[in-house]
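Subject: Structure handover

Hello,

Here is the structure I promised to pass on. Please open it first, then read the notes below.

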Amino acid sequence: MKEQGDDAMDLLQAARDVRENAYAPYSNFKVGAAVRAASGAIYAGCNVENVAYPEGTCAEAGAIAAMVAAGETVLTEVLVIADSPAPVPPCGGCRQKLVEFGGPEVVLTMCTTDGATQEMTLAEILPGRFDASHMDRA
């Protein structure tokens, strides 16, 4: 049986591990992300840069793509890690991607490689989110 906190450590380790695979030859700013799906499975992604900015892919988008490719569409937890002086929040586009698959209560943990963390819910990180209900008259 897992001790309390082991699930969070699994998410952190997945993000930490995948961050090492980031392709960031232009910025040298490697980011790893991991999402836990409703099934409990963990999916990870890293940033992938391209010389033709902004054609790269964010770590959060990669983790979500891996989750969807595996046939899952609901995330229950998110963790992002980068080598930064302070925890780095997802960009605006990734915030919208996260709320597409996670409810407002889903916790996003932002981490630095030296151990600093900050937690917010998806509702806090993207207030006034755009969702499918806005298209009810379409």
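Start at L122. Leaving aside its neighbours within four places in sequence, L122 is in contact (heavy atoms within 4.5 Å) with L75, L98, V99, G102, G103, P104, V106 and L108.

A word on the source. This is a predicted model, where local features need pLDDT of at least 70, side-chain atom pairs count only at pLDDT 80 or more, and totals for chains, interfaces and linings use all residues. Residues are numbered from 1 along each chain as its sequence is written, and side-chain values use heavy atoms, with hydrogens and water left out.

Cores

L122 also belongs to the largest nonpolar core, which has 21 residues. A nonpolar core is a set of buried Ala, Val, Leu, Ile, Met, Phe, Trp, Tyr and Cys residues joined through side-chain atoms within 4.5 Å. Buried means under 20% relative accessible area, with a 1.4 Å probe and protein chains only. V35, L75, V78, L108 and L122 touch the most other members. At least two residues each come from β1 (31-37), α2 (59-69), β3, α3 (92-101), β4 and α4 (122-125). Helices (H or I, at least four residues) and strands (E, at least two) are DSSP runs, numbered from the N terminus. A second, separate core has eight residues, including L11, A15, A34 and L79.

Pockets

A pocket is an open set of points on a 1 Å grid over the protein atoms alone, where a 1.4 Å probe fits, with protein on both sides within 12 Å along at least five of seven lines; lining residues have an atom within 4 Å of a point. Volume is the space filled by probe spheres set on the points.

The largest pocket holds about 310 Å³. It is lined by 18 residues, and V31, N47, T57, C58 and A59 are the closest to its centre.

The second largest pocket has about 180 Å³. Its lining has 16 residues, with A8, L79, T109, C111 and T117 closest to the centre. α1 (6-19) gives the most, five residues. β3 (75-82), β4 (107-112) and β5 (117-121) each supply at least two.

For C94, the nearest cysteine sulfur is that of C58, 3.7 Å away. C94 is buried, at 1% relative accessible area. For C111, the nearest is that of C94, 16 Å away. C111 is buried too, at 5%.

Best wishes

Note on methods:
Disulfide = S-S within 2.5 Å. Buried < 20%, exposed > 50% of the residue type's maximum accessible area, 1.4 Å probe, protein only.
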